[in-house]
Amino acid sequence: QGTLYGRNTIGGAVNFITRLPGDKREGSVRAGLSSDGGREAGATLSGPLASDTVHYRVGAMARDSDGHYENELTGGELDWGRSRNAFFTLSAYPGERWDAQLNLMYERLRQGDVAQRFAPNNAGFVARFNDEQQFFGNVPTLTRGYAVTPGHFDRDNLMGALSLHYDFEGAK
């Protein structure tokens, strides 16, 4: 893997190969619901754009979750999430020896805080000596008492790639 994908892939590499646009028109729609306010919907559409030489594939997905824990300081939800994704692929086959592919992807991610709970310092003298917060023993399974000060995680990504392939005569 190191030779093909770089020195940081000693433990392995995962190569995702997305579906290319095809000759025939096709599409799909999906939706789902899950516990804790989980909702998901997505759609894709693919087909020829200009005769048999240009094809497209476009898709979008939305995923929402209301979170699993309540923030006891604010009354709001913790660990909630909102995700919006879209992609566009354009493939062109203008000649027998070369092809081109344009990929554009957008991601918008909004997430609430991670649920955290304070565990009191029970290390006694050891914790005072090295000035650290320490807890010894089994942490109890807790379903209440989660709270953090308001915060969040926001991320917006726009990615693009253009690939050109040419088949040199006689090269294999």
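# A salt-bridge network and its surroundings

Arg39, Asp64, Asp66, Arg82 and Arg84 are linked in a network of salt bridges, a salt bridge being a side-chain nitrogen of Lys or Arg within 4 Å of a carboxyl oxygen of Asp or Glu. The model is predicted, so local features need pLDDT of at least 70 and side-chain atom pairs count only at pLDDT 80 or more, while totals for chains, interfaces and linings use all residues. Residues are numbered from 1 along each chain as its sequence is written, and side-chain values use heavy atoms, with hydrogens and water left out.

**Overall layout**

- The chain contains two helices and eight strands, where helices (H or I, at least four residues) and strands (E, at least two) are DSSP runs numbered from the N terminus.
- Read from the N terminus on, the order of these elements is α-β-β-β-β-β-β-β-α-β.
- Of the 172 residues in the chain, 21% are buried; buried means under 20% relative accessible area, exposed means over 50%, and partly exposed lies in between, using a 1.4 Å probe and protein chains only.

**Salt bridges**

- Side chains of opposite charge can pair when their charged atoms come close.
- A search of the whole structure finds 10 salt bridges.
- One of them joins Asp64 and Arg39, whose closest N and O atoms are 3.6 Å apart; because Asp64 lies in strand 3 and Arg39 in strand 2, this pair ties together parts that are 25 residues apart in sequence.
- Asp64 counts as buried because its relative accessibility is 15%, whereas Arg39, at 33% relative accessibility, counts as partly exposed.
- Arg39 also forms a salt bridge with Asp66, again with the closest N and O atoms 3.6 Å apart; Asp66 lies in the loop between strand 3 and strand 4 (69–70) and Arg39 in strand 2, so the pair ties together parts that are 27 residues apart in sequence.
- Asp66, which is partly exposed at 30% relative accessibility, meets Arg82 in a further salt bridge with an N to O distance of 3.6 Å.
- Since Arg82 lies in strand 6 and Asp66 in the loop between strand 3 and strand 4, that pair ties together parts 16 residues apart in sequence, and Arg82 is itself partly exposed, with a relative accessible area of 28%.

**The largest pocket**

- The largest pocket has a volume of about 520 Å³; on a 1 Å grid over the protein atoms alone, a pocket is an open set of points where a 1.4 Å probe fits, with protein on both sides within 12 Å along at least five of seven lines.
- The volume is the space filled by probe spheres set on the points, which are joined across faces, edges and corners.
- The pocket is lined by 21 residues, of which Thr18, Gly59, Ala86, Phe87 and Met105 lie nearest its centre, and a lining residue is one that has an atom within 4 Å of a point.
- Strand 1 (26–34), strand 2 (38–50), strand 3 (54–65), strand 6 (81–92) and strand 7 (98–111) each supply at least two residues of this lining.
- The lining divides into nine nonpolar, eight polar and four charged residues, where Ala, Val, Leu, Ile, Met, Phe, Trp, Tyr, Cys and Pro count as nonpolar, Asp, Glu, Lys and Arg as charged, and the others, Gly among them, as polar.

- Strand 8 (residues 153–166) gives the most to the patch, with three residues, and Leu162, which lies in strand 8, counts as exposed because its relative accessibility is 60%.

**Loop residues with positive phi**

- Asp36, in the loop between strand 1 and strand 2, has a phi near 55°, a positive value in a residue other than glycine.
- Asp79, in the loop between strand 5 (77–78) and strand 6, has a positive phi of about 50° although it is not a glycine.
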